[in-house]
Amino acid sequence: MDLILIPGFWLDGDSWSCVTAPLERAGHRVHVLTLPGLESRDADRRGITLQHHVDAVVATVDRCAEKVVLVGHSGGGAIAYAVADARPDRVARVVYVDSAPLPDGRPINDDLPVVDGEIPLPDWSEFTEGDLRDLDEAGREAFRAQALPQPTGVAYDKQVLRDERRHDVPATVVCCQFSSDVVRGWLAEGHPMAAELARIREVDLIDLPTGHWPQFTKPTELADAVLRAVERDRLRG
């Protein structure tokens with residue numbers, strides 16, 4: 001199966017480097033994306049919108065001969081959901097890695113501070129202990145060395161969704177900071193954090209206790225979680 005890996009904020013395709021090998025050994029075709037404006041520190045990020053990122057993923061979906069599985073980390077989950085909206089008949093499943101589907105009309109995160117027209121990786125003090133769980137000092141240094149400024153439009157633009165068939169696309173949530181029990185509680189209570197997830201007809205939850213960047217802190221376990229999600233679709237046929 002074709003697996004399309006969508007990075008979260010401040011990251012390029014190399015952020016998946018410790019996850020891709022197990023997926024490929026399992027026989028999958030893995031497409032690791034670097035989205036517009038994240039090509040380098042010197043890339044021109046002016047004018048890059050959320051729609052540009054969605055369109056880049058849609059173009060990859062359209063190049064694949066068969067249905068695909070989208071794997072979106074953090075803000076990449078919102079992009080994956082918009083792609084499922086744009087191509088509901090081409091997406092077999094969306095895997096949300098410490099993420100969730102973003103409702104229509106909502107930005108991914110318009111609270112992030114803009115510096116010189118772009119959004120640099122904030123100081124670690126801006127993140128919670130849950131975010132940084134298992135990310136030791138060496139890991140933080142490596143992450144910051146790799147991090148790229150995020151295009152402002154991608155964070156601040158509002159999500160645009162048009163096709164209700166996106167709710168028919170199965171979802172798997174890899175639960176990192178918040179356990180599957182917490183997410184089930186949100187779903188049962190109608191919590192705003194899970195409002196859009198509740199509209200999806202088939203939802204699986206997989207626990208992966210760690211911080212917000214499991215591709216760095218628990219890459220083998222993250223690959224296993226993705227493979228478990230994909231196996232559901234293979235058995236379905």
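I start with tryptophan 10, which is buried at a relative accessible area of 6%; buried here means under 20% relative accessible area, exposed over 50%, and partly exposed in between, with a 1.4 Å probe and protein chains only. This is a predicted model, in which local features need pLDDT of at least 70 and side-chain atom pairs count only at pLDDT 80 or more, while totals for chains, interfaces and linings use all residues. Residues are numbered from 1 along each chain as its sequence is written, and side-chain values use heavy atoms, with hydrogens and water left out.

Tryptophan 10 sits in the loop between strand 1 and helix 1 (17–25). Helices (H or I, at least four residues) and strands (E, at least two) are DSSP runs, numbered from the N terminus. The phi of tryptophan 10 is near 70 degrees, a positive value in a residue other than glycine. Most residues other than glycine have a negative phi. Aspartate 134 also has a phi near 70 degrees, again positive and again not in a glycine. Its place is the loop between helix 4 (129–132) and helix 5 (137–146). Aspartate 134 is partly exposed, with a relative accessible area of 44%.

Now strand 7. How many of the residues of strand 7 are buried? Five of the five, residues 171–175, so the strand is largely enclosed by the rest of the structure. Ala171, Val173 and Cys175 point one way, Thr172 and Val174 the other way, and all are buried. In a regular strand the side chains alternate between the two faces of the sheet.

Strand 7 has parallel pairings with strand 4 and strand 8. Two strands pair if DSSP finds at least two bridges between them. With strand 4 (residues 91–97) there are four bridges, and tyrosine 96 has valine 173 of strand 7 as its bridge partner. With strand 8 (residues 203–207) there are five bridges. In strand 8, valine 203 is the bridge partner of alanine 171, and isoleucine 206 is that of valine 174.

Strand 7, helix 7 (residues 180–189) and strand 8 form a right-handed β-α-β unit. Right-handed means that, with the strands pointing away from the viewer, the path from the first strand over the helix to the second runs clockwise.

Serine 180 lies in helix 7 and is buried, at a relative accessible area of 4%. Which side chain does serine 180 join through a polar contact of 2.6 Å? That of aspartate 207. A polar contact is a pair of N or O atoms within 3.5 Å; within protein, one must be able to donate a hydrogen and the other to accept it, and residues adjacent in sequence count only if both atoms are side-chain atoms. Leaving aside neighbours within four places in sequence, serine 180 is in contact (heavy atoms within 4.5 Å) with Cys175, Leu205 and Asp207.

Glutamate 196 is in the loop between helix 7 and strand 8. Its relative accessible area is 5%, so glutamate 196 is buried. With neighbours within four places in sequence set aside, its contacts are Tyr81, Pro101, Leu102, Pro103, Arg166 and His167.

On to helix 2. Its buried residues are Leu50, His53, Val54, Val57, Val58, Thr60 and Val61. They cover an arc of only 155 degrees around the axis, which puts them on the same side of helix 2; the arc is that of the directions from the helix axis to the C-beta atoms. Among the elements covering these buried residues are strand 1 (2–6), strand 3 (68–73) and helix 3 (75–86). At the start of helix 2, a side-chain oxygen of threonine 49 comes to within 3.3 Å of the backbone nitrogen of glutamine 51.

Last, phenylalanine 143, which lies in helix 5. At 1% relative accessibility it counts as buried. Phenylalanine 143 and leucine 11 are 132 residues apart in sequence and 8.8 Å apart in space, C-alpha to C-alpha. Not counting residues up to four places away in sequence, phenylalanine 143 touches Leu11, Leu121, Trp124, Leu135, Trp213 and Phe216.
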